[in-house]
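Hi there,

Here is the structure I promised to pass on to you. Have a look at it first, and then read on for my notes.

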Amino acid sequence: MGDGVKKMLTRNEIKSIAMVTMTLNHFAILFLPMGLWRTILVNMGYFTAPVMCFFLVEGVAKTSSVKRYAGRLAFFAAASQLPFCLAFSPGPFVFVGMNMIFTLFCC
């Protein structure tokens, strides 16, 4: 190991880290009271957005059809909107805004 070669993270490892940090963020927002642990976990989750943006740009650059790529994003944005509102609404069901996938779709 002393040959000076550094191991870089793979794309899938970076995506996995982003998914874990996003899950921790959502868990903290939904289940933890205000305090240090909630603040730490919520802030860890902010790692996810720049990773998603990076892979969005990379995906658009490498896709053979931007329209189909956008269609998949729109589908998953719509499919995840109801669970997003149910999880984060303060009442029985209140519209709380669009989820992150809609933001990526608009970009």
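This is a predicted model: local features need pLDDT of at least 70, side-chain atom pairs count only at pLDDT 80 or more; totals for chains, interfaces and linings use all residues.

Let me begin with helix α2, which spans residues 36–45. Which of its residues are buried? They are L41, V42 and G45. These residues sit on the same side of α2, because the arc they cover around the axis is only 100 degrees. As for their partners, the buried residues of α2 pack against α1 (11–31) and α3 (48–62).

Next come the helix pairs. Two packed helices are described by the angle between their axes and the distance between the axes.

For α1 and α3, the packing angle is about 140 degrees and the axes are 9 Å apart. Angles over 145 degrees would count as roughly antiparallel and 65 to 115 as roughly perpendicular, so at this angle α1 is oblique to α3. Their crossing is left-handed. On the α1 side, the contact is made by R11, I14, K15, A18, T21 and M22. On the α3 side, T48, V51, F55, E58 and K62 take part. If you sort the residues of this contact by type, you get five nonpolar, two polar and four charged.

For α3 and α4, the angle is about 145 degrees, and here the axes are 9 Å apart. Here α3 contributes F55, L56, G59 and V60, while α4 contributes V66, Y69 and L73. What kinds of residue make up this contact of α3 with α4? Six are nonpolar, one is polar and none is charged.

Is Q81 buried or exposed? Q81 has a relative accessibility of 10%, and since buried means under 20%, Q81 counts as buried. Leaving aside residues up to four places away in sequence, Q81 touches F95, G97, M98, N99 and F102.

R68 also has its place in helix α4. With a relative accessibility of 54%, R68 counts as exposed, because the cut-off for exposed is over 50%. Between R68 and H26 there are 29 Å in space, C-alpha to C-alpha, and the two are 42 residues apart in sequence.

Key. Residues are numbered from 1 along each chain as its sequence is written. Side-chain values use heavy atoms; hydrogens and water are left out. Buried means under 20% relative accessible area, exposed over 50%, partly exposed in between (1.4 Å probe, protein chains only). Helices (H or I, at least four residues) and strands (E, at least two) are DSSP runs, numbered from the N terminus. The arc is that of the directions from the helix axis to the C-beta atoms. Contact means heavy atoms within 4.5 Å. Axes are lines fitted to C-alpha atoms, for helices over the stretch in contact, and angles run from 0 to 180 degrees between N-to-C directions. Ala, Val, Leu, Ile, Met, Phe, Trp, Tyr, Cys and Pro count as nonpolar, Asp, Glu, Lys and Arg as charged, and the others, Gly among them, as polar. Angles under 35 degrees count as roughly parallel, over 145 as roughly antiparallel, 65 to 115 as roughly perpendicular and the rest as oblique. A crossing is left-handed if the near helix is turned anticlockwise from the far one by less than a right angle, and right-handed if clockwise.
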